[in-house]
Amino acid sequence: MSDALIVSAVRTPIATSFKGTLRDTPAEELATLVVGEALARSGVDPGLVDDVILAESQYGGGDLARYAAVAAGLTGVPGQAVNRHCAGSLTAVGNAAAGIIAGMERAVIAGGAHSFSMAPQQSWRVPGREEPRVGMAPTFPYDDRATDDVTISVGWNTCLEVGLSRDDLDRWALRSHERAIAAIDAGVFDEEIVPVKITQADGAVEEFAVDEHPRRGSTLEKLGSLKPLHPEIEGFSITAGNASGMNDAAAALMLVSSELADDQGLTPIARVRAWGAIGVAPYRTGMAGVEAIPLVLRRAGLTVSDVDLWEINEAFAPVPIAACRILGIAEERVNVFGSGCSLGHPIAASGARMLTTLAHELRRRGGGVAVASMCAAGGQGGAVVIEAV
């Protein structure tokens, strides 16, 4: 069977939703940008691309991947939209790798795009509430079924299951910001970021090229001063500081077969070695990102000690902390350039963003194995294993 090789991996900078730089940029435009750039950087003949697979979440209607394919000039290429909430773009990459390894496809662009700023908003009824909520309605009220109508229950339930304190969470979040700022200042992300051109009100065009969500000057004292999101619940420890932001971004990777790479003289960055997704009880959603890891390690024939780098999404800080404590993962190898608490969490794009960063870092290091894992709404989790080639 063929290998599924990553020959390019790109992302936009990550913006803060509603008030940030990409607040007026639709997800379709972000998707088109990264699909076109992944194609251009790969060196793949556009006529050889078999499919575009993009994750989307909280939209409804249409097919984001097909839109981006046509807009990027790939009119003859179909498009597949994937929705596994937060883990959607990990699934998109897994689907692309599966088609290539099976010999059905030669070249597939996979990733995801998300704009909280531009997503449709609606009101919906929640059992037990007199007034409807307004916002981006979930597929089903999994949070409310989980813990007596606690909206942000995922992280809190993880804290309760693993025994994590507010200090544990805030210290992890602080390190996330420190690492993200250090990476930005060192230019770590420059190679993977494709700038977004933004037209200002006066017609001037500016380039957005640097992640804007990480907070400089964050301290443990500042994080500790933030109020819990649910102060009415005794001991509730999830705050805006130790949870992810709401963000806008897109990311895409070009995957090709080893035969096509040889024929076209392409230079691979990494190989997709394994992928997978799991389901857990919805109230244990945060633990799904932990439990997906043993699944993909087993499929790859690896152990925790074989992995050099980890991206375990900080939808909530308890998730990577739980993974480290339960699975014996060394914290210094996890989220070395920050994650959701600092960089942000553009839901449908986050998995592809994580793999993009990991692939580039493995190449800089000259080799190694990396795992990206995350929980996903409704009691799901996904993970992907890649290795440098």
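Let me start at S237, which lies in the loop between α7 and β10. Helices here (H or I, at least four residues) and strands (E, at least two) are DSSP runs, numbered from the N terminus. S237 is buried, with a relative accessible area of 3%. In that scheme, buried means under 20% relative accessible area, exposed means over 50%, and partly exposed is in between, with a 1.4 Å probe and protein chains only.

A quick word on what you are looking at. This is a predicted model, in which local features need pLDDT of at least 70 and side-chain atom pairs count only at pLDDT 80 or more, while totals for chains, interfaces and linings use all residues. Residues are numbered from 1 along each chain as its sequence is written, and side-chain values use heavy atoms, with hydrogens and water left out.

Back to S237. Which residues does S237 touch, not counting residues up to four places away in sequence? They are W156, C159, R166, L169 and N242, where contact means heavy atoms within 4.5 Å.

How many aromatic pairs does a search of the whole structure find? The search gives 2. For the definition, rings of Phe, Tyr and Trp (its six-membered ring) pair if their centres lie within 6.5 Å; planes under 30 degrees apart count as stacked, over 60 as edge-to-face and the rest as tilted. W156 and F236 have ring centres 5.1 Å apart and planes at 35 degrees, so this pair is tilted. The two residues link distant parts of the chain: W156 belongs to helix α5 (residues 153-162), and F236 to the loop between α7 (220-224) and β10 (247-257), 80 residues apart. W156 counts as buried at 11% relative accessibility, and F236 is buried too, with a relative accessible area of 4%.

F189 and F337 also form an aromatic pair, this one edge-to-face, at 6.0 Å centre to centre with 85 degrees between the planes. Here again distant parts of the chain are linked: F189 is in the loop between α6 (166-185) and β8 (196-199), F337 is in the loop between α10 (318-327) and α11 (347-365), and they are 148 residues apart. F189 counts as buried at 3% relative accessibility, and F337 is buried with a relative accessible area of 13%.

Please keep F189 on screen for a moment. What sits over the ring of F189? It is the charged end of R11, 4.8 Å from the ring centre. The rule is that NZ of Lys or CZ of Arg is within 6 Å of the ring centre and within 35 degrees of the ring normal. R175 does something of this kind with W172, lying over its face at 4.2 Å from the ring centre.

N335 is found in the loop between α10 and α11, and N335 has a positive phi of about 50 degrees although it is not a glycine. Is N335 buried or exposed? At 2% relative accessibility, N335 counts as buried. F18 has a positive phi as well, of about 70 degrees, and is not a glycine either. F18 is placed in the loop between β2 (15-16) and α1, and at 39% relative accessibility F18 counts as partly exposed.

On to helix packing. Two packed helices are described by the angle between their axes and the distance between the axes. Axes are lines fitted to C-alpha atoms, for helices over the stretch in contact, and angles run from 0 to 180 degrees between N-to-C directions. Helix α9 (residues 285-300) and α10 pack at about 40 degrees, with axes 8 Å apart. α9 and α10 are therefore oblique to each other; angles under 35 degrees count as roughly parallel, over 145 as roughly antiparallel, 65 to 115 as roughly perpendicular and the rest as oblique. Where they meet, α9 brings G286, M287, V290, I293 and P294, and α10 brings V319, A322, A323, I326 and L327.

Let me finish in the loop where we began. A243 is found in the loop between α7 and β10, and at 8% relative accessibility A243 counts as buried. Not counting residues up to four places away in sequence, A243 touches I238, E314, A315, F316 and C341. Thanks, everyone!
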